[in-house]
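I open this notebook page to record what I looked up in one model, entry by entry.

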Amino acid sequence: WEEEDRPGGAMQMKRAMKSAISTALPEDMYEQYQSFRVEMDTPKGIMARAVGSIVIILYTLSVGSIIPRTMTFVKHCDNVARSLSNPQVMYSVRDRS
């Protein structure tokens, strides 16, 4: 935790956004948000976040078409790298002398 509030940067923007949201929300809703955040830092909450992350990863790998698209991208990168490592003369210029 930082002891001082230094101006500038992303942290100042985060503080401003958090302040704006906390003033826009009703007090009881903000208290519910804070208690939810505290609950998510308990071992039960950490386990819930881990399970949620695993579900999202499995969904992305199985239902989403990420694996074929990744393979296509890797093949494209390999082709570009090979073409860059084998330069070719595109045209020749006559010597003026």
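Entry 1, a charged pair. I looked at Arg-82 and Asp-78 in this predicted model and found that their side chains meet in a salt bridge, with 2.9 Å from N to O. I then asked myself how far apart the two residues sit in helix α4. Arg-82 and Asp-78 are four residues apart there, so about one helical turn separates them. I also noted the accessibility of Asp-78, which at a relative accessible area of 36% is partly exposed. As background I wrote down that side chains of opposite charge can pair when their charged atoms come close.

Entry 2, the other pair. I searched the whole structure and the search came back with two salt bridges. Besides the pair above, I noted that the side chains of Arg-49 and Asp-41 meet in a salt bridge, at 3.5 Å from N to O. Are these two partners buried or exposed? Arg-49 has a relative accessibility of 43% and therefore counts as partly exposed, whereas Asp-41, with a relative accessible area of 51%, is exposed, because the cut-off for that class is over 50%.

Entry 3, a nonpolar patch. I next looked up which residues form a nonpolar patch on the surface, and I listed Ile-57, Leu-61, Ile-66, Ile-67 and Met-71, which together have about 460 Å² of accessible area. Two helices, α3 (43–62) and α4 (66–85), each supply at least two residues of this patch, and the largest share, three residues, comes from α4. I followed one member in particular: Leu-61 lies in helix α3, and its relative accessible area of 43% makes Leu-61 partly exposed.

Entry 4, the chain as a whole. I counted four helices and zero strands in the protein chain, and I read the order of its elements from the N terminus as α-α-α-α. For its extent, I noted that the C-alpha atoms fill a box of roughly 85 × 40 × 25 Å along the principal axes. The radius of gyration of the protein chain is 27 Å, whereas a compact globule of 97 residues would have one near 13 Å.

Lastly I looked up the charges, and the mean positions of the 12 positive and the 11 negative ones are 16 Å apart.

Technical notes: Residues numbered from 1 in each chain as written. Predicted model: local features only at pLDDT ≥ 70, side-chain atom pairs only at ≥ 80, totals over all residues. Heavy atoms only, no water. Patch = residues over 30% accessible without salt bridge, like charges linked within 9 Å, V, L, I, M, F, W, Y side chains within 5 Å. Areas by Shrake-Rupley, 256 points an atom, 1.4 Å probe, with all protein chains shown as cover. Salt bridge = Lys/Arg side-chain N within 4 Å of Asp/Glu carboxyl O. Buried < 20%, exposed > 50% of the residue type's maximum accessible area, 1.4 Å probe, protein only. Rg over C-alpha atoms; globule rule 2.2 N^0.38 Å. Lys, Arg positive; Asp, Glu negative; His and termini not counted. Charge placed at Lys NZ, Arg CZ, Asp CG, Glu CD.
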